[in-house]
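This briefing covers how the parts of one protein chain meet. Please look at the sequence and structure first.

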Amino acid sequence: MTKPSSNFDHDHLISIADLSINDITTILDLAAYYAAKLEAKADLSNVLKNKVFLTLFFEDSTRTLTSFEMAAKRLGGQVINLNLKTSSLNKGETFHDTITTLNAMHPDGMIVRHSEFGAPKVISTMSDCPVINAGDSWNEHPTQALLDALAMRNHFGKLEGLTVAIIGDIAHSRVASSNMKLLTKMGASVRIIAPPILMPEKLPSENIEKFTDLKSGIKGADVIITIRPQKERMQSALIEDNTYFDDYGLSKEKLGWAKESAIVLDPGPFLRNVQISDDLADDTKQFHYLKQVSGGVATRMAVLDLLAGKK
Ligand code: NCD
């Protein structure tokens with residue numbers, strides 16, 4: 001397999017909105033290439049040799065942080081995970097001074113997660129290296145949408161023409177936000193299904209259909225993405241777990257309302273018996289969560305290579 005060529009011309013990855021159809025295809029093609037290389041246990045350690053990345057996670061993360069670190073190391077890069085709980089921010093240093101200090105150490109890339117909307121974008125304007133958004137507030141989580149797209153493309157061979165239903169807390173979810181942008185751009189039909197209290201007021205595209213009823217929303221869907229109630233972004237609990245499961249939780253039985261060939265994705269962490277029943281969560285034929293996690297490393301390898309690899 002030869003490495004796909006690319007004319008990717010971006011300094012940072014902040015938002016799906018900044019990417020063209022061609023850019024998204026380039027990332028997914030390279031991710032598929034790296035997935036095959038990982039499968040073959042190929043030595044890829046030259047791609048990011050001598051490159052040092054900083055992960056700046058101002059918000060908790062398990063899988064995204066590990067996935068980026070794994071991706072950089074698989075390509076021969078080094079990663080410094082900053083423990084931001086012990087950072088100088090707690091000693092009174094301003095956010096601006098922290099970032100300019102780190103930038104003066106000349107890292108080869110910064111991977112940023114922040115609870116403030118737009119923080120990675122601000123950091124990108126203050127940095128001389130590529131900045132990758134690993135999730136900001138409810139705004140964007142571009143690499144999650146890209147790895148979700150890879151999982152869909154791997155299964156169906158395409159994105160165009162798929163019907164994708166996103167269920168859950170659309171209002172507070174950066175994953176839903178990035179997915180709506182990516183999927184509409186790539187020609188999929190996108191539906192969102194949410195209780196009225198978790199339905200966003202504004203949508204990134206006019207072509208997205210809104211449903212409050214699960215049955216009609218998933219009818220005929222090829223892909224269903226479940227999104228956890230993002231309680232950390234709610235001022236008070238807007239919905240109870242058991243009511244949520246009755247109305248919006250997915251089980252094998254309810255999945256029968258979608259296409260017979262439908263697959264289910266979730267960015268994780270997923271809540272058993274709130275979002276998804278145990279029987280469905282344990283069925284790897286229909287629930288592609290672990291495939292997403294594996295493909296996530298390859299997707300982040302592609303992004304790191306395109307932004308920081310040797311040109
Ligand atoms: C998501 C996130 O942090 O936005 N998780 C992830 O990155 N895999 C989704 C979530 O927390 O629900």
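Into which domains is the protein divided? Domain 1 takes in 16-140 + 295-308, and domain 2 takes in 142-292; the bounds come from an automatic or database domain assignment. The model is predicted, with pLDDT of at least 70 needed for local features and 80 or more for side-chain atom pairs, while totals for chains, interfaces and linings use all residues. Residues are numbered from 1 along each chain as its sequence is written, and side-chain values use heavy atoms, leaving out hydrogens and water.

**Extent of the interface**
- The centres of domain 1 and domain 2, taken over C-alpha atoms, are 25 Å apart.
- Contact (heavy atoms within 4.5 Å) involves 30 residues of domain 1 and 27 residues of domain 2.
- About 2,300 Å² is buried between domain 1 and domain 2, and carbon and sulfur atoms give 60% of this area; buried area is the accessible area (1.4 Å probe) that two parts lose on being put together, summed over both.
- Ile-16, Leu-28 and Arg-63 lose the most area on the domain 1 side, together 28% of what that side buries.

- Three salt bridges (a side-chain nitrogen of Lys or Arg within 4 Å of a carboxyl oxygen of Asp or Glu) are found across the interface of domain 1 and domain 2.
- Glu-140 and Lys-181 form a salt bridge through their side chains, at 2.8 Å from N to O.

**Elements on the domain 1 side**
- Elements giving two or more residues to the side that touches domain 2 include helix H2 (63-74), strand S3 (109-114) and helix H11 (289-308).

Technical notes: Helix = DSSP H or I, 4+ residues; strand = E, 2+ residues; numbered from the N terminus.
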